[in-house]
Amino acid sequence: MLAGTPTKEQIHTLASSPTCISKSTIMKKQLWTIILFVAAINITFAQNTFKTQATDILKAQVLKEAEWAMQQQPITVTASSSPRSTGGKHDFFSEGDYWWPNPANPNGPYVTRDGETNPDNFVAHRHAMIRFSEIVGALASAYQITGDEKYVKQAVIHLKAWFVNKETLMNPNLAYAQAVKGLYAGRSWGIIDSIHLMEVAQGIIVMEKSKSFDKTNLTAIKKWFADYILWLNTSKNGIAEKNAKNNHGTTWAMQVASFAKLVDDQPMLDSLRLRYKNVFLPNQMALDGSFPLELARTKPYGYAIFNLDAMAMLCQILSTSEDNLWTYQTPDGKSIKKGLDYLYPYIADKSKWPLKPDVMFWDNWPVAQPFLFFGANYFGNKKWFNTWKSLDLKPTNEEVIRNLPVRHPLIWL
């Protein structure tokens, strides 16, 4: 952004200021009109510049990932199973990460150790879903860059396997996700596992008008997502996750937003905009822009990053010209911009973090976080963009990938 140019927030404030409208002279009004017009042009220029730069930065990586994806065969939930699952062959199953055998009763119910991942729990279905997300995200990104239909044809093979083919499809629910031995067949917390379907949904949006994406399969795939949205809003676990007060509630909404966008469920999208403004910002964010419920965890740094990513993605997915969440603020001043301003210094220099290091994976964060990229893109903030591109653009750590649902940012622009 040019030095001295008002930010988008300042433009919004100035444009609605009674002083500007009622007390300024005609000359001052004209001057401000010119300033606001120039500022808007500068921000638009910055956004286009960032998109071009990001494409240049990511192009080689995208095409390499797509080359890999072109060689992959579908692997869905039907390829593996666990004897501890009470679901069927087509039901997604995972086990809670922070649950361990009880030393005092090794054969009894598991006990929790917050923030400490048990490597022996069943996560094969989660890995398959992450792989699916990586394949579709890479192919959609490559198609967006090149326009080559081969990427769509390959993506459709995987999409049909997960959502259409009766022998291999996944049932549209997460009733058996993050189960706990001896305690729960599945938990509401497990719904967070399907954040990795977000880039599948967005990839479909990028590719759906391609001549290689036949309408019959597209209709069946969209019906799957519509059925899943219904389950997320009506099942006991779905409702519990929806009402979760921390990052689980945010990521529930983030998922539903991406799926509702795919199936053009406007009433659902409208309800999520209201939820962002009336529930998430007022109840999760402190006046300084932090998230107290995340900071209270044993991995406060990682959880703060994760929740801000989810908040930023809600703004990216849900904002319209008539209802812009990027510029919305609560009556007491809470906003996504305040959240970005709070966390950014600790992303740029982690040594400034005021709390104890996370109990696990402290050294693996941050990476090229979505909130940096999309926040920089919207607000025209070159500093945030430069920090984003300086971080790991292709993380390989399993825990990081699990908590990074957006790994192909180009398809979201």
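Visitor: Where does Q178 lie?
Guide: In strand β4, residues 176–179. This is a predicted model, so read the values as computed from it.

Visitor: What's the phi of Q178?
Guide: Near 50°, a positive value in a residue that is not glycine.

Visitor: Is Q178 buried or exposed?
Guide: Buried: its relative accessible area is 6%, and the cut-off for buried is under 20%.

Visitor: What about D264, what's its phi?
Guide: D264 also isn't a glycine, and its phi is positive at about 60°. D264 sits in the loop between α9 (247–263) and α10 (266–284).

Visitor: And D264, buried or exposed?
Guide: Exposed, because its relative accessible area is 52% and exposed means over 50%.

Visitor: Switching to peptide bonds. Which residues does the cis one join?
Guide: W365 and P366, with omega at about -5°. P366 is in the loop between α13 (336–348) and α14 (370–379).

Visitor: OK, charges now. How many salt bridges does the structure hold?
Guide: 15. One of them pairs the side chains of D114 and R297, at 2.9 Å from N to O.

Visitor: Where are D114 and R297 in the chain?
Guide: In distant parts, 183 residues apart. D114 is in the loop between β3 (111–112) and α4 (124–146), and R297 is in the loop between α11 (292–295) and α12 (300–318).

Visitor: How do D114 and R297 count for accessibility?
Guide: D114 counts as partly exposed at 30% relative accessibility. R297 counts as partly exposed too, at 22%.

Visitor: What's the N to O distance for K334 and D332?
Guide: 3.9 Å. That still makes a salt bridge because the cut-off is within 4 Å. K334 is buried, with a relative accessible area of 8%, whereas D332 is partly exposed at 43%.

Visitor: What about E399 and R402, how far apart are their N and O?
Guide: 3.2 Å, again a salt bridge between side chains. E399 and R402 are 3 residues apart in helix α16 (residues 398–402), which means about one helical turn separates them.

Visitor: Are E399 and R402 buried or exposed?
Guide: Both E399 and R402 are buried.

Visitor: Which residues are in the network with E399 and R402?
Guide: D97, R126, D193 and K299. Salt bridges with shared partners join those residues, E399 and R402 into one network.

Conventions:
Residues numbered from 1 in each chain as written. Predicted model: local features only at pLDDT ≥ 70, side-chain atom pairs only at ≥ 80, totals over all residues. Heavy atoms only, no water. Helix = DSSP H or I, 4+ residues; strand = E, 2+ residues; numbered from the N terminus. Buried < 20%, exposed > 50% of the residue type's maximum accessible area, 1.4 Å probe, protein only.
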